[in-house]
Every structure is written in C-alpha cells, then in structure tokens.
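Trainee: I should like to go through this model with you before I set up any calculations. Could we start at the ligand?
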Amino acid sequence: MSKQASTPKILISNLIRPTNLQTGQFTGELKNKLEEMFGNKVYLVNSGRSAIYLGLKVLGVGQGDEVLVQAYTCNSVPNPVLWTGANPVYVDIEESTLNMDLTDLERKITSRAKVIIVQHTFGNPAKIKEILKIADRHKLRVIEDCAHSLGAGVDGRILGTFGDLAILSFGREKVISGLTGGALLVNDSALESEIDKETHTLKPLRKRNILKELANYFSWRILLRRISSKDWGMNFIRLLYQYDLFNVVTSKKELDGLRPNWYPSQMANIFAQIVLNEFPKIDSYNNHRKEIAETYFREIKNKDIKLLPKHLGVYLRVVGLHPKAHILLQEAHKNKLNFGNWYNSVIYPESVHLARLGYKSGSCPMAEKVARETVNLPNFLGMVDSEVKRVINFVNDFS
Ligand SMILES: Cc1ncc(COP(=O)(O)O)c(C=O)c1O
C-alpha cells in the first residue's frame, strides 16, 4: 500500500513558492477528472457542506421548507439546511446499515418537505432506488451525499449519479483527502444554469483559511498526534480548539448551526492539487480498507461487539456496536490504538447543540442507541498487519 508521502511535499513546495495557492490550473484538471468519472457536470467548492448548501439553494429551498436528513450524521449535513432558512427533519436509521429507515422516512414527509438528502453512511450504499421512488411519489428532489462513498456503486452504477444532485467531500479522513474541498455533481442538467449563476459569484478561499489548514496539518503530524493519547495532551488540544487555533473542520459557530462566512467559497488550487495526486489511489485505498474490514469480520470473536453486516460499498469506517463503547474507546486510547468515534452522537461531534440544529431528543431512537454504542475499528491508510492483529487481540480480550 503506497503511503500519502507526497502530500507534505506538495504543501511544502507551495509554501516555498506561494503563487497559486488560491487559483490555478489544478482546479480545472480535477473538475475534468471528476466529470470523466461521473459522466456529469461538476462544480468544485471548498467543502462538502458548501456543496450541500449550494445544492439546496439551486433546488429552491428556503425559509420554512423542510429537508429530510438522517440522524446519525455530521453537523455538516443539517447545517447547510439551516443556512438556507429551512428546517432539517431527522429520519431514523436502520441498525444494520446505519442508513435511512424508509418507513420512518415516509412517516416524516409533510407538505412542507422539498428535498431528501441521502447519506451513504461510511460508504455503505443507501437504498437509493427505493428512496428515488418515494421522492417521486411525493414530488421531492434528491441530493445524494457521497462524502463517504467515493468509488462505491449499486448494480454497476457509481453512487453520485442517482440523485438530482450529489456531493463529494475531500476533507480530512475521507476516501481521498485534499485536506479540505468538495464538489457538487449535477445529474439534472436543467439545474446547470442556476448553478452557474450561484458559483460565478463565489470568492476564492481566503489565504487565512488555507494557511490555517496547513498549520493544522503539520502541527497534527509533527506534534499533536503524539500527545493526543495522553489526558494532558487532549486537554491542550481542546484549549487550542477553544481559541479556534486548531481543527477548523467544525468551527465554533457551526456547533450552534450558524454559517461561517467562508462557506461557500471556491476550491483552493493547492487542495485540488493534493486531491489530483490522490485520485489514482481511490481503488487501492478502498481495497486496503476493505481488506482490513474483512480481517475483522473473520477474526473478531467477542460476542459483545456487534460488527455491522458486510456490504458491497466501500469501508471508510468499520463500525462495531458495543454496550460499553465509551469505556472501550478509553481503553483503546490507553493502549495507543487509534479507534475512532464517528458518530458517537446523533449529530457529530458530541459538542453540537442538538436543539439549535433542530434535533428533538427521542425523535430517532435507533440512531440515539446506535450512537451510544458506536466505535470505529481502525482501518487507516498505511496500517500494517501487526497493528490489525493488535486491534483484534484487544477487542477479543475486552470485557
Ligand atoms: C456525511 C457527511 N456529509 C457531508 C460532509 C461534509 O463534508 P465537508 O467536511 O467537506 O464539508 C461530511 C463531513 O464530514 C459528512 O460526514
């Protein structure tokens, strides 16, 4: 498995000669590559959440409308709904797929509903064909959220080509990452002129944001990752975060459902360059993650942890459900095992203000239960067999 060795090199060479950080040739090249991959028109933006926001706007979503989104999601899905003035309506999930429960979806559609955002959670394809039929019956538009599922398909057709629109994310820890970035894919060509209008007025991503991303990237690689397993280290990182010095993935405003003014912006050339460099590795990354998932399926024998059933998508995350998930995660970190916590809250991260994001406690009971029990088994890029073995031994011994 090739490591992402060239991302730091690209960043450093850009810092030495910072002439094309914001705009340049790479955004055009990436757009062409994506258009070839999906067979549809593509618009690049600075993140997946910007793509959702623009998508909702061109579909005419505004004040008082309702947009159906699943619970067990990231704040960057309901937030763009709030930014348009509309209300997110949360749909419960199936425990076996972590995707929308279609019975609950039908139950929650009202006359104010305009759009369904269909999330392929952690790369597991949602029941997109059935959802399209439901949308058709209720005259709703569909945005496919492919933030986790780049490269996955259903019946030989790539995800991202089913909905009226679809979004991609190239944020950190996605299938491929450009540190940050996103795309809006257009299947309904009648929407193109409206999107042209919306995107023509977008400003370049501010240099300040670009530099903050770079500072985060290097400080994480060089220092913070090493201290994050210690309690004092986590406290230090939290302090940096509190003062907005670290981790711009979710800014403080977004925890309250508000829109920081850099969403939406154009995709920065430097981040497009990194995504382009990662592009040929999509399949090898997805295969690597899947191989690790299959090893877990074969070798984890602890009956207290429920691994989600295998599926035909991609394995951005391998999720297990454990009644003592919280303790398991703490123990794993003490053992320097890099477990993840996506999504240990119905809306991730745990620090979001659920009510301000329109979530009513108890409205999606399965999502709430699953969130309490969620752990992500490590399957990061560059992970070697001995590390996988250590995770298996840890999980099998945990009680
Ligand atoms: C399901 C889902 N959709 C959309 C997004 C938005 O992506 P971005 O971080 O690029 O804004 C995320 C982000 O993590 C996500 O998890």
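Mentor: The shell around the ligand in this predicted model divides into three nonpolar, nine polar and two charged residues. Here Ala, Val, Leu, Ile, Met, Phe, Trp, Tyr, Cys and Pro count as nonpolar, Asp, Glu, Lys and Arg as charged, and the others, Gly among them, as polar.

Trainee: Which of the 14 residues around the ligand come nearest?
Mentor: Ser 47, Gly 48, Cys 74, Ala 147 and Ser 169 come nearest. A residue is near a molecule if its C-beta atom, placed from the backbone, lies within 6 Å of it.

Trainee: And which elements give two or more residues to that shell?
Mentor: Helix H3 (48-58) and strand S3 do. Helices (H or I, at least four residues) and strands (E, at least two) are DSSP runs, numbered from the N terminus.

Trainee: How are the residues numbered, and what thresholds apply?
Mentor: Residues are numbered from 1 along each chain as its sequence is written. As the model is predicted, local features need pLDDT of at least 70 and side-chain atom pairs count only at pLDDT 80 or more, whereas totals for chains, interfaces and linings use all residues.

Trainee: What pLDDT does the protein chain average?
Mentor: The average is 93, and 96% of the residues score at least 70; pLDDT is the predictor's confidence in each residue, from 0 to 100. Over residues 1-5 the pLDDT is below 50. Where pLDDT is low, the predicted coordinates should not be read in detail.

Trainee: Changing topic, what is the strand order in the open sheet?
Mentor: The seven strands run S1-S10-S9-S6-S5-S2-S4, with mixed pairing; two strands pair if DSSP finds at least two bridges between them. Strand S1 (41-45) and S4 stand at the edges with a single partner strand each, so one side of each has no neighbour in the sheet.

Trainee: How do S2 and S4 pair, parallel or antiparallel?
Mentor: Strand S2 (residues 66-70) pairs with S4 in the parallel sense over five bridges. Val 69 has Tyr 90 in S4 as its bridge partner.

Trainee: Finally, what is the domain assignment?
Mentor: Domain 1 covers 20-200 and domain 2 covers 279-397, with bounds from an automatic or database domain assignment. The contact takes 30 residues from domain 1 and 31 residues from domain 2, two residues being in contact if their C-beta atoms, placed from the backbone, lie within 7 Å.

Trainee: Which elements give two or more residues to the domain 1 side?
Mentor: Strand S3 (73-74), helix H4 (78-83) and strand S4 (87-91) do. The residues of that side divide into 15 nonpolar, eleven polar and four charged.
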